[in-house]
Amino acid sequence: MTQEWLARFGKIINYICCYGTVNLGRSVFFSFALLFLVMLLRRLSFFGNCFRRIVLWGAFLWLPFIGGLKFFYETRFGVRGFLWWANWNYEHCLTGQVYFAVMVLYGGYLFYKRRKLQRFAAGLKRLAGNVYVCEAMVTPFAMGLFSPRIVVPRALVEEYGEEDLETILFHEKMHIRLGHLWCLFLWDVLRVLLWPNIFLTFGARFLRADLEEMCDLVTIQESGKDPCDYGLLLLKCVRLLWPAEKGKLIMGSAAFAGARGRSGYVDMKRRIRKIAAFRGYRVKSVICILLVGLFVLGGGFFGIHRYSYARYTELKDVTVFDDTGVNVILENSERLRQTVVFDEQRLVVDVAEMRKLLEESGSETEGIYILFGGFMKQPGVGGCGEMVYADLAELTGEQYEIEYESVMDALSWIVKML
């Protein structure tokens, strides 16, 4: 019994891997096009406003949910362009296993990096409120989702005056209030789910740049800081910390001075230019942009739900196999569904009509397997069905009844609710 259960469990896991890979793989294909489109639109003058660019990034939230769209099965382009991917996965189960294995390893790595950062922050001394001081020469940063912390180096606390330090801390508080830490976390989740698209990792740099620009604008306007003084403070922080800083930008954090290296220099140059060209924004305009963005994103999710297949579809189909249980004798049809009726406990066969159907099929078999009911996840992607065996020698009388126990168990229910 244990071996049978383990074997069934293995089949269910294998099915989940295949089913998930089919749907996520479709998202991967579209992620390349969406990333290219976002990078292109970011260059347009209309999206010169960083608040509008953030709405653009929100479109990536649709990707993990588009795999079940009817588009992939009910349009010529969808069938010709993507049906091969589903067929490949169900014929080569190893593809799904590898996809999920890499996803688990990559997700584990990112989780380890975040846990490492949390352990590092847990041992720091509190300066005030949620602000902590570290001895390492790192740029000030904010981290954590539910209990966010701000970490600043001791050298910066000792070097800067109270006003400058307050500005830096205000910048990090804005990262927290604006939800930027959650944005970076969701991007990491997206990178894990769609890991074959390695360009999403490079896209994180541009997402960070847009988040930093937004934070700079809000910090300058809300704090009343002169843009020139704010830019000089940023450069002063860079000059103090970058020569001693080692490694890349801390995983899962929003940092004041950003990353080092060639890309960091380019981003900092662009950022300073934006600060120098600072123009105050109207709060009402920003609210309108965000409301329109939420409406568009919400409409996208509604459309995806509206034009996707349901989580599962109850089946009324009936199929008859020969005594090997492999070769199909009678395909599902209205006539066959009238010949075989069933409920949750028993199946009833119209004997005379069934014999006519078997004679017309020309098959020679000593018994038949009847597959019926169950559910379907997507077209061609079966979930679970009931099957009973009937010996033709016992198929007598007007009606033949077969009682059965449903194969639907906890594992099948999990597949059904995926």
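Analyst: Arg-191 is buried, because its relative accessible area is 11%, which falls under the 20% limit; this is read from a predicted model. Arg-191 belongs to helix H8, which covers residues 180–193, and, when neighbours within four places in sequence are set aside, its contacts are Tyr-106, Leu-110, Leu-200 and Thr-201.

Leu-194 is itself part of the largest nonpolar core, a set of 41 residues in which Phe-51, Trp-57, Phe-60, Trp-187 and Leu-194 touch the most other members. At least two residues of this core come from each of several helices, among them H1 (2–41), H5 (93–122), H8 and H12 (283–306), while H9 gives the most, with 8 residues. Apart from this core there is a second, separate one of 22 residues, including Leu-336, Ile-368, Phe-372 and Ala-390.

Helix H9 also packs against helix H7 (residues 162–177), at an angle of about 125 degrees and with the axes 9 Å apart, so the two helices, H7 and H9, are oblique to each other. The crossing in which H7 passes H9 is right-handed. On the H7 side the meeting residues are Thr-167, Phe-170, His-171, Met-174 and His-175, and those they meet in H9 include Leu-211, Cys-215 and Val-218.

Note on methods:
Residues are numbered from 1 along each chain as its sequence is written. This is a predicted model: local features need pLDDT of at least 70, side-chain atom pairs count only at pLDDT 80 or more; totals for chains, interfaces and linings use all residues. Side-chain values use heavy atoms; hydrogens and water are left out. Helices (H or I, at least four residues) and strands (E, at least two) are DSSP runs, numbered from the N terminus. Buried means under 20% relative accessible area, exposed over 50%, partly exposed in between (1.4 Å probe, protein chains only). Contact means heavy atoms within 4.5 Å. A nonpolar core is a set of buried Ala, Val, Leu, Ile, Met, Phe, Trp, Tyr and Cys residues joined through side-chain atoms within 4.5 Å. Axes are lines fitted to C-alpha atoms, for helices over the stretch in contact, and angles run from 0 to 180 degrees between N-to-C directions. Angles under 35 degrees count as roughly parallel, over 145 as roughly antiparallel, 65 to 115 as roughly perpendicular and the rest as oblique. A crossing is left-handed if the near helix is turned anticlockwise from the far one by less than a right angle, and right-handed if clockwise.
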